[in-house]
Amino acid sequence: MSTAPVLELTGIHKSFTGVKALADVRLRLFPGEVHALMGQNGAGKSTLIKVLTGLYQPDAGAITLDGQPTAPKRTEDAQDLGIRTVYQEVNLCPNLSVAENICAGRFPRKWGRIDWTTVHAEARRVLAQMDLDIDVTAPLSRYSLSVQQMVAIARALRISARVLILDEPTSSLDDAAVQRLFTVLRRLREQGLAILFVTHFLDQTYALADRITVMRNGETEGEYLAADLSRLALVNKMVGAPPDQQPSRLDSQAAGTGTPVLKAQGLGRRGALHPLDLELRRGEVLGLAGLLGSGRTEAARLLFGADTADAGHVETDGHQGRWHSPRQAIAAGIAFCSEDRKHEGAILDLSVRDNILLALQARAGLRLVMTREQQQALADDYIKRLGIKTASAETPIGQLSGGNQQKALFARWLATEPAVLILDEPTRGIDVRAKEDLMDAVRALAHKEDGSGMSILFISSELPEVLHCSDRVVVLRDRRAAGEYRRGELDERSVLEVIAAEPAATEVVTDV
Amino acid sequence: MKRLLSAPSFTSWVSVALLVLLFIGGAVNYTGFASPQVVLNLLIDNAFLLVIAVGMSFVILSGGIDLSVGSVLALTTMVAAWLLQVAHWPAEVVIVTVLLGGATFGALQGVVIHVFRLQPFIVTLAGMFLARGLCFLISVDSVTIDAPLFVTLSQTQIPLFGGAFLSPGAVIALGVLGAGLWVAHCTAFGRTVYALGGSETSALMMGLAVGRTKIAVYGLSGFCASLAGLLFAFYMLSGYGQHGQGVELDAIAAVVIGGTVLTGGYGYVAGALSGVLVLGLIQTLIAFDGTLSSWWTKIVIGALLFVFCAVQRLLSLRKTQG
Amino acid sequence: APLTMGFSQVGAESEWRTANTASIKAAAKEAGITLKFADAQQKQENQVKALRSFIAQKVDVIAFSPVVESGWDTVLKEAKAAGIPVILTDRAVKVSDPSLYVTFIGSDFVEEGRKAAKWLVERAAKTPNAALNIVELQGTVGSAPAIDRKKGFEEGIKANPKLQIIRSQSGEFTRAKGKEVMESFLKQRDKKIDVLYAHNDDMAIGAIQAIEEAGLKPGVDILIISIDGVRGAFEAMKAGKLNVTVECNPLLGPQLMQLAKDIVAKKPVDKRITVNEGVFTADTAAKELPNRKY
Amino acid sequence: MPSRPSSAPLWRHPLARPVAALALLLAVAAASVPGFLHLEIKDGHLYGNLIDILHRAAPLMLAALGMTLVIATRGIDVSVGAVVAIAATVGCVLVGSQGLALAIAAALGAALLCGLWNGLLVSALGLQPIIATLILMVAGRGLAQLLTDGQIITVYEPASFFWLGGGYLLGLPVSLFVVATVAGLTALLMQRTALGLFIQTVGINPVAARLAGVRTAAIVFFVYVYCSLGAGLAGLMIASNIKSADANNAGLLLELDAILAVTLGGGQLSGGKFSLAGSLVGALIIQTLTSTIYALGVPPQVTMVVKAIVVFAVCISQSSIWSRRSA
Ligand SMILES: Nc1ncnc2c1ncn2[C@@H]1O[C@H](COP(=O)(O)OP(=O)(O)OP(=O)(O)O)[C@@H](O)[C@H]1O
Ligand SMILES: Nc1ncnc2c1ncn2[C@@H]1O[C@H](COP(=O)(O)OP(=O)(O)OP(=O)(O)O)[C@@H](O)[C@H]1O
Ligand SMILES: [Mg+2]
Ligand SMILES: [Mg+2]
């Protein structure tokens, strides 16, 4: 492993109007190695990757490939140099078919025309590496974010390359999918590929990485061999604390068992979810566990009225029936933080302040709920409380790093002080420390001494998170409830057994 | 039935069905309507519009818009007439020249849009003024074309069955439609156009040739517009700065009626044909009726357009809900 | 069976045109002719489509007011092949073979321009020493009346060097644009404006408002000449704000229907039939106004 | 209205480039046409090219204000010109017999109906905005002509009708006060209520807007109604100015100019952030250009080319690539 680096970046500087994103950053990628890039939200990981792949031009610094200086001007250049990239947000075309998304740019041809049969076969082949068997001719938008993320990875894997860059590829994948991805990556590593991997999961880092570069506040903190760096040391380097500081833990209180605030009876939608009974009580955190495609997102959307149910009904304080629009659910005190922040959450061009204010204001209607100063104070308060890294509350949310966008959207719903808060993958793309803070916040919101806590429906592909947070866990399988367990009744292993009692649905369910 | 309903081309089939209904309506009400020549006239009279609409389909699919096509059409007729009648160039050379000129004009607009990151609407609007203005710089009057090749192409009737005929222009237009379909669905360029319309940033991050494709799309539209100009010149045998007023709007309408989404990424080039036929059929119906005053003509066109779009929309709504 | 005529009108872009349409429709009813009317909305391609549909309907005679002069060969040949006689109204066409149409009935735009110029030349003769600065409000750029009325007028004043067109701009045949352009002319203080020549009455009426708003007396401080002779022009003349309008008679319906009958009955007709048109000045306006139906 | 951090330098302000373009255009006109900027008092009011520009731009500014909001929601309204014709005709047909108040109410009422129709097609039926409004664009002028039988309706009475489009107040055209009032009220509406926020939200990400509880359909509905009302007022203004209604020509192609004004003012046709002031400046740029062309005595057949070149130049000067270079 002591060969020369394939790719080396030195002295990279990059600033955006008013924001210094990268300052004197270094990075070395060696062939046959997996290199983890670690850092808190907003540390500059994604920006570095964008510089390296020609999407941004660095203000200063040098990139060398095989010792030769290069300067990719466009993403095409980077591809031609053998650098394949999966960016942080899914950056594919929702209108194109899965197969096209995988093959676009390098279509197999026959007699001057695209050879569709081969295109589809190719797509199936790469997806099969990750055990995904879906209709590759269907438009990408038909599939959930997790599937889209796998498609994005498949696209990068299709063409053999010399450097493979993956920016938080596993943020919405479940364990099984992650394991399959890792198998593929290990094989590629053996073939001599240099792999750069960004993640906030320490387990994944240590399972795969040979070398770790830590970034903090836009600077390189250091480069280490994974074997030489303990977890604790890594976390402390990321946050900039002394190497042996232990994270403080807020001990959680007992489960709240209040009165039901949200009851779903036989709630279902053809093609999405079998009729489901669900009860959410005051002051509890209810976890929804399940594999990809098990119907968790669908359940959440029906509970919120994002999709209209065609069976069953929802009961809240003083309301019984089906939601016809999210507005009705919001009026009944329900909030929903979607898993797809780019398409269903963030209003990218608007400021962090406006984004935080939006749901509160929408509920109030046209009359301004607060003065400009109060808005400012509200936004600043959340920015501080949730540790959102932003130049100011007036910065467009699109300029924040992924994890910080996620936090701002969480703030949007907290600001409405809902009775029921539905969180679909709220920890997606959030760094280790922030994740703990968020989970603590979730429990604190629910477990108020006076019993006035929120009821929270917590969905996450991270089983430990679900188990850690929830007072009760409902397991979904194949789009129906497969069991309900109280806190402490289950450990990770037994949940996995429940989840995987039958082989997970691997084909698209069109009619239920 | 279910299969049909869930097919992605469902909306297009709705258009075809409505088109047939509209035609039957005409045939029942007006004598002489149900003759094959009336159908063929739809193609003959709208050949130029079809060609422009094919080019426009690509532009709209890529998420852009091209307002300059009507003026480029006029400019083509004018330049062609001037080269033929005043400069006495050979007809073949003129044809090649104007086609290249149109493509260049379009591509230049594409370059401005891409390099300066400007909105297609405004750039092509300026292009529209420019091309129209250039016509009047050549001559404000209309110029008759009498080059033998043009006259022959204008007056040739390609006999089909039972005395019905098609013009060479219509055949060329159908050829362009076929080529357009092929390019859109079977070439990397075509797919990149769709990708651009789906999400430009994504296309960029996927490493697709965004800039080249954009420029090519406008070049293609310019080419189609000048080819349409030639067809127009065959059709009218004249060059005139006022030709093709408002054709850009007709073309956009045809493309959108044909099921393409104006914001890009979704739709079929084939839809251009049904869109053009709808617009043509509405006009034919009105001409056959022959009792409408000028203002009722406008109102009826609007009403028919409304009925068509509303029914199309309602049927596809039913589909997504059912 | 009653005679069927297919008539393709240019559009309804002006009062003059509306009067023209009304006259044709009324005359057809009067003469017992079934009229197939199609409005081309100012587009030649629409007219060609309409003519094709008339041929498909096998009408007995086709009449149309061409949007432009050129570009009619192909479709007229189709009409001829179908044995349908064609009458042109209002505007002439340029075709390779004059037998493609039977006759032309209507006005001569160049002649109208000449008549306007003639009035001005005579008027200028009364004040032989003074030079007269003329501003011109043109019609829509490229349209046949705009081109021809400009041509005729320029021809008419050429002989007199004291008559100079100092500014010329398109007012697009509308009141609003006529007013806007005239306003702009009036703001330029390098040369005094003596005469306004407008290609149609609407622009002249708009310009009169601009002149009044600038504190001048239209018809007195600035002589105003226009063409068409619509009702509004006569009202302006009666008020002394317009000096002269050259009539362009839209009421050719009865003549057209008679022609159609004659042609179908195979009677010989002239190739060129002009309609009666006059030049009306402010003095005759009051008398003529009640006769104006449009 | 979009806000800006006050710390940004002046030349980075979104209005800086449009205003600079306008200033440059005026400078060119002043340099090449002697006395172009000359103002004098005539009959107790200001008189000169500058006043003409403001006065003539008034209807366009009204249309551009509405178009700004429509475009902010990712829509487009091509029926503006037709609505102008309808309102102008209704107003002129009624003003003689029914009196001023009723005529104005009826004209604005007709415009309101047009807006409701457009809004219904776009937000309830879900037609694509360009097609939805194209229907009215085609049929609207026909409806207006139907009311007048194709004639131009000339208004002789009452004189008060001419005040709106031709009168003066405090030495300035009344139309300017109308525009100022409408623009001011709109700006107030955007600032003092959440409407501006909602409009931008719907334009940037309609899916997210719906999930956040914004009444997307109602917002879309509103902008079309607002746009039509603005067009209706513009129609009355035009009719009042020329003391007549010309159903066939009133407001012809005004929609194109309005869209151009919005884009020249820095608005994005893809929706989202908008600037009312920018659109007003855009409208002034267009009118200044027209007036300059008249004043320069550019022959009509060259006018289009000149216009095109100026529009190209203004656009390119506003390109974002310049600011990136200098940043
Ligand atoms: N286009 C932009 N304009 C302005 N600032 C930007 C832009 N892109 C990124 N930034 C800023 O640069 C910094 C680094 O962002 P980056 O996305 O690289 O973080 P990250 O390490 O990938 O974080 P995360 O783990 O949340 O994805 C952030 O402060 C962000 O606000
Ligand atoms: N591994 C897979 N193989 C085949 N199809 C899948 C797979 N994962 C998801 N899908 C399909 O994707 C669609 C949406 O599933 P989605 O992942 O949103 O459900 P979910 O339970 O909400 O998932 P998540 O765990 O991401 O919240 C379904 O049609 C499902 O069949
Ligand atoms: Mg990142
Ligand atoms: Mg999910």
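What share of the 512 residues in chain A is made up of buried ones? Buried residues come to 58% there, where buried means under 20% relative accessible area, exposed over 50% and partly exposed in between, with a 1.4 Å probe and protein chains only. Before going on, some bookkeeping: this is a predicted model, with local features needing pLDDT of at least 70 and side-chain atom pairs counting only at pLDDT 80 or more, while totals for chains, interfaces and linings use all residues. Residues are numbered from 1 along each chain as its sequence is written, chains are lettered from A and ligands numbered from 1 in the order in which they are written, and side-chain values use heavy atoms, with hydrogens and water left out.

Let's stay with chain A. You'll find 17 helices and 22 strands in it; helices (H or I, at least four residues) and strands (E, at least two) are DSSP runs, numbered from the N terminus. Its radius of gyration is 23 Å, close to the 24 Å that the globule rule gives for 512 residues, so chain A is as compact as a globular protein of that length. That radius is taken over C-alpha atoms, and the rule is 2.2 Å times the number of residues to the power 0.38. The C-alpha trace spans about 70 × 55 × 45 Å along the principal axes of chain A. Of the contacts in chain A with a separation of 6 or more, 67% are between residues 24 or more positions apart, a contact being heavy atoms within 4.5 Å.

Two magnesium sites in chain A are worth a look. At ligand 3, A:Ser46 (OG) and A:Gln88 (OE1) coordinate the ion at 1.9 to 2.1 Å. Donors here are N, O and S atoms within 2.8 Å of the metal (3.2 Å for Na, K and Ca), and water is not among the atoms, so sites may look incomplete. A:Ser46 sits in helix 1 (residues 45–52) and A:Gln88 in the loop between strand 6 (83–86) and helix 3 (98–103) of chain A, so the pair ties together parts that are 42 residues apart in sequence. A:Ser46 is buried at a relative accessible area of 17%, and A:Gln88 is buried at 12%.

Now for ligand 4, a magnesium ion that A:Thr297 (OG1) and A:Glu339 (OE) coordinate at 1.8 to 2.6 Å. A:Thr297 belongs to helix 9 (residues 296–304) and A:Glu339 to the loop between strand 18 (334–337) and helix 11 (341–344) of chain A, so this pair ties together parts that are 42 residues apart in sequence. Relative accessibility is 18% for A:Thr297, which counts as buried, and 11% for A:Glu339, which also counts as buried.

A:Glu168 lies in the loop between strand 9 (163–167) and helix 6 (175–190), and counts as buried at 5% relative accessibility. Chain C has a positive phi too, about 55° at C:Lys58, although that residue is not a glycine. C:Lys58 is in the loop between helix 2 and strand 3 (61–64) of chain C, and counts as exposed at 67% relative accessibility.

What about chain C as a whole? Chain C has ten helices and twelve strands. Its radius of gyration is 20 Å, close to the 19 Å from the globule rule for 294 residues, so chain C is as compact as a globular protein of that length. Of those 294 residues, 65% count as buried. No contact joins chain A and chain C, and their closest C-alpha atoms lie 37 Å apart. Of the five pairs of chains in contact, B and D share the most contacts.

The structure holds 15 cavities of 30 Å³ or more. On a 1 Å grid over the protein atoms alone, a cavity is a set of points where a 1.4 Å probe fits but cannot get out, and a pocket is an open set with protein on both sides within 12 Å along at least five of seven lines; lining residues have an atom within 4 Å of a point. Grid points are joined across faces, edges and corners, and a volume is the space filled by probe spheres set on the points.

The second largest cavity has a volume of about 260 Å³. Among the 23 residues that line this cavity, the closest to its centre are B:Gln283, B:Thr284, B:Ala287, C:Lys49 and C:Ala50. The second largest pocket holds about 750 Å³ of space. Helix 3 of chain B gives the largest share of this pocket's lining, seven residues.
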